[in-house]
Amino acid sequence: MKKKLAMFSLAMLLLTACSSNNADEKKKYHEGQNMEAAESVYKQNCASCHGNNLEGGTGPSLKNIGNKYSEKEIMSVILKGRNGMPAGILTGGDARLVAKWLKSEHK
């Protein structure tokens, strides 16, 4: 009986370790997908003013924007506009994705 309990415990430990690792991999995959989606949204809606490489153009450069502003501040500018940038170019989930992308990927 003790041997069966020990084997069962070992099996559960191994399954837990494997599923935990798998969950981390899935999370990284989805975060990567979100960052790709955010970049795509940026290129479709923002790059014409801020440049394909965030170098600026008619709008300011966004290079290192993640060091200057919080994700919440970036989101506010995206939603409300500022200094000639019109409000509402991006809304909802697209605005959140791009704000997170700019904050995390462009420091």
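Me: In which helix is leucine 102 found?

Reply: This is a predicted model, in which local features need pLDDT of at least 70, side-chain atom pairs count only at pLDDT 80 or more, and totals for chains, interfaces and linings use all residues. Residues are numbered from 1 along each chain as its sequence is written, and side-chain values use heavy atoms, with hydrogens and water left out. Helices are DSSP runs of H or I with at least four residues, strands are runs of E with at least two, and both are numbered from the N terminus. On that basis leucine 102 belongs to helix H5.

Me: Does leucine 102 count as buried or exposed?

Reply: Buried means under 20% relative accessible area, exposed over 50%, and partly exposed in between, with a 1.4 Å probe and protein chains only. Leucine 102 has 5% relative accessibility, so the residue counts as buried.

Me: Which residues of H5 are buried, and within what arc do they fall?

Reply: The buried residues of H5 are Ala95, Val98, Ala99, Trp101 and Leu102. The arc is taken from the directions from the helix axis to the C-beta atoms. Seen down the axis of H5, these buried residues line one face of the helix, because they fall within an arc of 160°.

Me: How many aromatic pairs are there?

Reply: Rings of Phe, Tyr and Trp (its six-membered ring) pair if their centres lie within 6.5 Å; planes under 30 degrees apart count as stacked, over 60 as edge-to-face and the rest as tilted. By this rule the count is one aromatic pair.

Me: Why is the pair of tyrosine 42 and tryptophan 101 classed as it is, and how many residues apart in sequence are the parts that it ties together?

Reply: The ring centres of tyrosine 42 and tryptophan 101 are 5.3 Å apart and the planes are at 45°, so the pair is tilted. Both tyrosine 42 and tryptophan 101 are buried. Tyrosine 42 lies in helix H1 (residues 2-45) and tryptophan 101 in helix H5 (residues 92-105), so the pair ties together parts that are 59 residues apart in sequence.

Me: What separates the C-alpha atoms of leucine 102 and tyrosine 42?

Reply: Leucine 102 and tyrosine 42 are 60 residues apart along the chain. Their C-alpha atoms are separated by 9.4 Å.

Me: How many helices does the protein chain have?

Reply: From the N terminus on, its elements run α-α-α-α-α. The protein chain has zero strands, and its helices number five.
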